[in-house]
Amino acid sequence: MAKINRGINLKARNDDSINQIKKGAIISYLAIGVSLLSGLLYTPWMIKQIGVNDYGLYTLATSLISIFLIDFGISEAVSRFISKYNAEGNQEKVNDFLGLIYKIFILIDLVILVILIALYFFIPTIYSELTPAEVEKFKIIYLIISTFSIVSLPFITLNGILTSYEKFKTLKLCDLVNKLLVLALMAIALLLGYKLYALVLVNAFAGILIIVIKLLYIHKLLPVKVNFKYWDIRLLKEVFAFSLWTTVSTIANRFIFNVTPSILGAVSGSSQIAIFGIASTLEAYAYIISGAINGMFLPKVSKILANKKDGEHVLPLMIKVGRIQYSIIGLIFIGFTIVGKEFIYLWMGKDFELSYYCALLIMLPGVFRVPQQIASITIIAMNQVKVQAYVYVIVAGLNIIFSSILSGYYGALGAAISICLIYFIRLIIMNIIYRRVLNINIFSFIKDCYIKMSPPMLITLGIGLVINQFTSYSLKTFLIKGTFIVIFYILLLWKLSLNKYEKSLFKNF
């Protein structure tokens, strides 16, 4: 009888976890929709209201402070360790661990505070090209943003706590409310005639409000009781070792895109930077849309690995999630291949046609990389981040070499070719690691995911390219063709590739 009850409780927890992931995914897509609309429609209006110079000052302040607000991989450490302790059913370890983490964050906060205070007094020297009036404005928004950032930094842990307890609906709902609140309050402030300072204060107010909501939710509904008295030097070393390599991976990954504009500036010129900028923005949107459910599976993977320290047991989940993500990123890539050139022409004008080819190149590796997110999460759960960091650093170094050579000949297109090439190199190396280090049967994944889900993509691509030969650029044609491609792809997917489980997801949705 006890076994039956345990089985029932386990099934109930599993069903709740699946529902949380589903609801979290839906809310994530709503938040992405808000971000896309605000980027395409709201941002140009906001710039018009406050002026290009003030918007530049706002961007400058946020980018400067963001340099110092990397959380050094501690957020992922929170998700990884708490998920592990929850899988073991050890709440006391969770409380002790959080007590240690908050002490680390407070120490980091104090160091960053000293740096930001010192920087404040050097603002006129560092930004000598700003006018005296702009320097005064910049100092004020710098103070507001840096104060909010210092206050909010330790509370990054709240996201890790909610993720570890699989409260994805609450986490994603907070993100959505934050975006909507900022947009609404900014619009009201601008319509009432308020300018730059109001926008900065609105962001800070919304951010603090969301922190308070998360704190209240965790305090009231989760069994978390932070033990601030706890101290364990062994655990501290383990956290720092994990966080160090996570930070290295993150920086190396970001470095690929961050360094490219500088390379183009050195060998090609500003026009090529602008072309690459549009392409990288489109790639970022594609990744965000297809990866909306990333990060939600760490607790589930940790549970799978709690008693079985072998990645082969993760394969069924990897195939199940990978097929869904592959179908989404496949639609985005095929759709962009067919109508992307028209979209860029209608959005940015004919001068940015090269951005289309650059975007295709840097999107292509993601078609195969995004469906493997469960394997990336398993790297974290099995504490193999150090191996991943080595690969990311080597690939980032190769990109500097390839991009410097190719950009000199082909400009932005050369940079895109370099990124496409090194991302495929990274993908191949990581697949070897998944097979040999994690013991995941990657060949089985390739067969069940890529091969079985590809026919709808290839057929849709072929039909779309034929249609392109008989159509011209116009908004009406773009909308009709885009709608047709989406419907045609979904029908083919339903008939040729989706299994009963995947069809049930669509029906339930």
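Modeller: What follows starts with the whole protein, goes on to the cavity, and then follows the chain past it.

This is a predicted model, in which local features need pLDDT of at least 70 and side-chain atom pairs count only at pLDDT 80 or more, while totals for chains, interfaces and linings use all residues. Residues are numbered from 1 along each chain as its sequence is written, and side-chain values use heavy atoms, with hydrogens and water left out.

The protein has 21 helices and zero strands (DSSP runs numbered from the N terminus, H or I of at least four residues for helices and E of at least two for strands). Of its 509 residues, 46% are buried (under 20% relative accessible area with a 1.4 Å probe, protein chains only; exposed is over 50%, and partly exposed is in between).

Rolling a probe the size of a water molecule over the atoms shows where empty space is left. Here a cavity is a set of points, on a 1 Å grid over the protein atoms alone, where a 1.4 Å probe fits but cannot get out; its lining residues have an atom within 4 Å of a point. The structure holds one cavity of 30 Å³ or more. The largest cavity has about 60 Å³ of space (the volume filled by probe spheres set on the points, which are joined across faces, edges and corners).

Its lining consists of Glu-283, Ala-286, Tyr-287, Ile-329, Ile-332, Phe-333, Met-363, Gly-366, Arg-369 and Val-370. Helix 11 (270-290), helix 13 (315-348) and helix 14 (353-369) each give at least two residues to this lining. By class, seven of the lining residues are nonpolar, one is polar and two are charged (nonpolar: Ala, Val, Leu, Ile, Met, Phe, Trp, Tyr, Cys and Pro; charged: Asp, Glu, Lys and Arg; polar: the others, Gly among them).

Just after helix 15, Asn-383 takes a positive phi of about 55 degrees. Most residues other than glycine have a negative phi.

Asn-439, also not a glycine, has a positive phi of about 65 degrees. Asn-439 sits in the loop between helix 17 (412-436) and helix 18 (442-453), and is partly exposed, with a relative accessible area of 29%.

Key: On a 1 Å grid over the protein atoms alone, a cavity is a set of points where a 1.4 Å probe fits but cannot get out, and a pocket is an open set with protein on both sides within 12 Å along at least five of seven lines; lining residues have an atom within 4 Å of a point.
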